[in-house]
Amino acid sequence: MECPVCKEPMLVIEYEGIELDLCDACHGVWLDEGELELLLGDHEMTHGFLTAGNPAAAKKEESRPCPICDAVMGKAVTGGKTPVVYDYCPHEHGLWFDRGELLSILEQGSSDGAAAAVVQWLRHVFPDSSTPQTKQETLNP
Amino acid sequence: MFELIRQNKRRSLLLMGFMLLLLLGVGFAIGFAVVPASEPLDMGGATLYLPWGGLLGMGVAFLVWGVQALAAYSSGDRLLMAAAGAKKIQKQDHPRLFNVVEEMSIAAQLPKPPKVYIIEDMSLNAFAAGRDPNHAAVAVTAGLLSKLNRDQLQGVVAHEIAHIANRDVLFMTMAGIMVGSIIMLTEVFFRVMWYSNIGASRRYRSRRSSRDGEGAAKLILLVVALILAIVAPLLAQLLYFACSRQREYLADAGGAVYTRYPEGLASALETISGNPGDKKSVSKAMAPMYIVNPLEAGQRAISSLTSTHPPIEERVRILRSMGGGGSFADYAAAWNKVDGAGAARIPASALAQTAPVAARAANAQEPMAAITAAAAAPVGQASKTGVPTPSRRATPEATPRQRQRDTGDLLRRMNKFRFINCDCGIRIKLPPEYAKPKVKCVRCGKIHEVPRQP
């Protein structure tokens, strides 16, 4: 599978039974269909949150092909303080997150234990990742 | 069991003979309609007219079928597996699936376990192919491996192995080719009829040129040819569907008997029908071979006369009505209970012949509950025959997530991925296109050498 942004072959990372595809070059993350559900487990990350943002925010990002079927992926915008624009395959192959976007989504979209564990998990996997929110947190201790 | 197989064989041969007659009849009719001329043949005073056009048609029809049948037979399972896009795997690629296949082949008393193929498709389905139990193969989709638990997988594999044990696979292939040939021939015939002017070419020749009686006979034969050409494909298909459905029930019975756990197959069928998926590139000819017809999945209200598989709801209901029993007789009883017409469709002789099997199996497994027997029966027999089959209790049931990982890894191994296990617990899977010599662990930053391409 090729990274939809930089066309490099993507690595597959598995940690504690969860799997994601990672671009070595741009640190974008691909989640196969159903993988986000696995990642969240029983946690209620509402569909509402994932699409709550203003779609206008997605306009400036350029479109990308689905790494599986090459169809142009759609854009969705999350709710929350810092809305995240992510890509979804129209044929439901999966979701694409640019660097740090996935962590940002999970941190904003959840407050309960299950998702916190997921955030922990992602921090484990990407200790160097920095999202806008984590930056803020480090600025205002 | 062998009685059942023998009876199956007899019935198959009968049906095959009937279909062959149909095929030859169509060939004759077409040949005669296209070339109605006949040679007068003097046979000891009486003059016979030899319809060489019809005979030629018969020869062509037989050839059309024979060539295809020979190709399918000589290639055994490989042709069909290649047509379905299945890839052969080894034991270390998916030990769980191999275990189940080995267990079930022992339970079905196959001479050796069939080869195992994987179809790289996330839909849920499975099929068996092969010439005889010595040249057989079972194919399952990747989706099936990741979505079904062990009991369900066992049920599906047992169903497929039952197809092999019942000698269904060769028959279905041959009969399918025959139906295809009949359809092909009649289509050619109608096209020829359309463009030629049979019966209308009086412009340049006198109608009276042939003797009167012969002309009337020819007209009658032509009409018969036309009717046969219209009816034959339908008849062939109905025959094919009828015996294909019959075989599905028998394979379901086998699935229940070999596992001693009808619920496994029942819930697997439910899961499969709930997840029709989108198996692309399934040809109409191959569709009857899958455990659930991939082309009929999704449609509910199909005429039961023209479907290759019995309705899933009914198959599930029969399996669930077996009332804890695990024999062919139990299945037959459940079938009768669920579907009153069932008795008519399993001949009394078949029922009588299944009884000894049930008795023998029951002798071996009498003291055990149905569920433990499902696990223990094949294992016990395996240790006797010296095939190392680890006990089911020793290997805990894989979680859905684990199953999905195992399946994904299997597909990746098939596609030449390389795997690196980092000490920090991260597992890195590198695609064959990854050309760099080293890779850095995302979590702990350790630099790993990339193994060479396998």
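Trainee: Which strands does helix α15 of chain B lie across?
Mentor: In this predicted model, α15 (residues 400-414) of chain B lies across β1 (11-15) and β2 (18-22) of chain A, together with β7 and β8 (427-430) of chain B. The helix runs at about 40° to β2(A). Helices (H or I, at least four residues) and strands (E, at least two) are DSSP runs, numbered from the N terminus. Axes are lines fitted to C-alpha atoms, for helices over the stretch in contact, and angles run from 0 to 180 degrees between N-to-C directions. Contact means heavy atoms within 4.5 Å.

Trainee: How are the residues and chains numbered or lettered, and what pLDDT is needed?
Mentor: Residues count from 1 along each chain as its sequence is written, while chains are lettered from A and ligands numbered from 1 in the order in which they are written. The model is predicted, so to speak of local features takes pLDDT of at least 70 and side-chain atom pairs count only at pLDDT 80 or more, whereas totals for chains, interfaces and linings use all residues; side-chain values use heavy atoms, with hydrogens and water left out.

Trainee: What is the strand order in the open sheet of 8 strands?
Mentor: The order is β4(A)-β5(A)-β6(A)-β3(A)-β2(A)-β1(A)-β8(B)-β7(B), and the pairing is antiparallel. Two strands pair if DSSP finds at least two bridges between them.

Trainee: Which strands stand at the edges?
Mentor: β4 (74-77) of chain A and β7 (418-421) of chain B. Each has a single partner strand, so one side of each is left without a neighbour in the sheet. On average, neighbouring strands of this sheet are turned by 30° against each other, direction ignored.

Trainee: How many bridges join β1(A) to β8(B)?
Mentor: 3, and the two strands run antiparallel. A:Glu14 stands opposite B:Arg427 in β8(B). β7(B) is joined to β8(B) by 4 bridges, again antiparallel, with B:Ile420 opposite B:Ile428.

Trainee: Which residues of β8(B) are buried?
Mentor: B:Arg427 and B:Lys429 on one side, B:Ile428 and B:Leu430 on the other, which leaves both faces of β8(B) covered. Buried means under 20% relative accessible area, exposed over 50%, partly exposed in between (1.4 Å probe, protein chains only).

Trainee: And the hairpin of β7(B) and β8(B), which residue takes a positive phi there?
Mentor: B:Gly425, near 105°, in a hairpin with 5 residues between the strands. Most residues other than glycine have a negative phi. A:Lys7, which is not a glycine, has a positive phi of about 65°. A:Lys7 sits in the segment before β1 of chain A and is partly exposed, with a relative accessible area of 43%. B:Gln109 is not a glycine either and has a positive phi of about 55°; its place is the loop between α4 and β4 (115-119) of chain B.

Trainee: Back to chain A. Where does helix α3 lie?
Mentor: Helix α3 (residues 101-108) of chain A lies across β3 (29-32), β5 and β6 (94-97) of chain A, at about 105° to β6(A). At the β4(A) end, 4 bridges join β4(A) to β5 (residues 85-88) of chain A in antiparallel fashion, and A:Val77 stands opposite A:Val85.

Trainee: New topic. At what angle do α4 and α6 of chain B pack?
Mentor: About 50°, with the axes of α4 (residues 95-107) and α6 (residues 150-165) 9 Å apart. The two helices are therefore oblique to each other. Angles under 35 degrees count as roughly parallel, over 145 as roughly antiparallel, 65 to 115 as roughly perpendicular and the rest as oblique.

Trainee: Which residues meet there?
Mentor: Among them are B:Leu97, B:Val100, B:Val101 and B:Met104 in α4(B), and B:Leu153, B:Val157 and B:Ile161 in α6(B). By class, the contact has 8 nonpolar, 3 polar and 3 charged residues. Ala, Val, Leu, Ile, Met, Phe, Trp, Tyr, Cys and Pro count as nonpolar, Asp, Glu, Lys and Arg as charged, and the others, Gly among them, as polar.

Trainee: How far apart are the axes of α6(B) and α9 of chain B?
Mentor: 7 Å, at an angle of about 95°, which makes α6(B) roughly perpendicular to α9(B). The residues of that contact divide into 4 nonpolar, 6 polar and 1 charged.
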